[in-house]
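Student: I would like to learn how to read the features of a structure that is new to me. Could we go through it together, slowly?

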Amino acid sequence: LKILGNRITANCLDNCNKYRYLQQTTLSILPPYGAFKPVVALTSSKTIGACDDIILDATGSLGNGGRGWKNVSWSVIANIPASNLSLIVNYLNKYCTDVTKLVTIPNNLLLAKDPDIFVFGTT
């Protein structure tokens, strides 16, 4: 980090001429010692009905230091038609980047074009 000289001084309360400006300085900033690594905690129902949305809960995830997550990226591994998988991943990465809230995957993304196939259930 490079701090430009003659730009920063103490807050002037009176007789401002007595306050000197900071000279140009270069500082090294190191990563925090013992920084927490993110831990993802994801829960959901074991089963859902054929017409239900899927609710995902990632609110128990840790390691963001009390701030918003810098990046949330979803991936899905499932034995479902590729078109549905792509729709679900795109939906999650576009609309579900705030893991402090419950995530809802709408039922219409779960259904294959073949009405006899229910993507996350049985056929």
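This is a predicted model: local features need pLDDT of at least 70, side-chain atom pairs count only at pLDDT 80 or more; totals for chains, interfaces and linings use all residues.

Tutor: Residues are numbered from 1 along each chain as its sequence is written, and side-chain values use heavy atoms, with hydrogens and water left out.

Student: Which cysteines does a disulfide join here?

Tutor: A disulfide is a pair of cysteine sulfur atoms within 2.5 Å. A search of the whole structure finds one, and this disulfide links Cys12 with Cys16 at an S to S distance of 1.4 Å. The link of Cys12 and Cys16 is left-handed, with -85 degrees about the S-S bond.

Student: Is Cys96 buried or exposed, and what about Cys51?

Tutor: Buried means under 20% relative accessible area, exposed means over 50%, and partly exposed lies in between, with a 1.4 Å probe and protein chains only. Cys96 is buried because its relative accessible area is 6%, whereas Cys51, at 69%, is exposed. Cys12 is partly exposed at 28%, and Cys16 is also partly exposed, at 44%.

Student: Which side chains meet in a salt bridge?

Tutor: Side chains of opposite charge can pair when their charged atoms come close. A salt bridge is counted when a side-chain nitrogen of Lys or Arg lies within 4 Å of a carboxyl oxygen of Asp or Glu. The structure holds one, in which Asp98 and Lys101 meet at 3.8 Å, N to O. Asp98 is partly exposed, since its relative accessible area is 35%, and Lys101, at 53%, is exposed.

Student: Which residues of the largest nonpolar core touch the most other members?

Tutor: In soluble globular proteins, nonpolar side chains tend to be buried together. A nonpolar core is a set of buried Ala, Val, Leu, Ile, Met, Phe, Trp, Tyr and Cys residues joined through side-chain atoms within 4.5 Å. The largest one has 14 residues, of which Leu56, Trp74, Ile88, Leu92, Val103 and Ile105 touch the most other members. At least two residues of this core come from each of strand S4 (54-57), helix H1 (82-95), strand S5 (103-105) and helix H2 (107-110); helices (H or I, at least four residues) and strands (E, at least two) are DSSP runs, numbered from the N terminus.

Student: Where is Leu27 placed?

Tutor: Leu27 sits in the loop between strand S2 (25-26) and strand S3 (43-44), and Leu27 counts as partly exposed because its relative accessibility is 40%.
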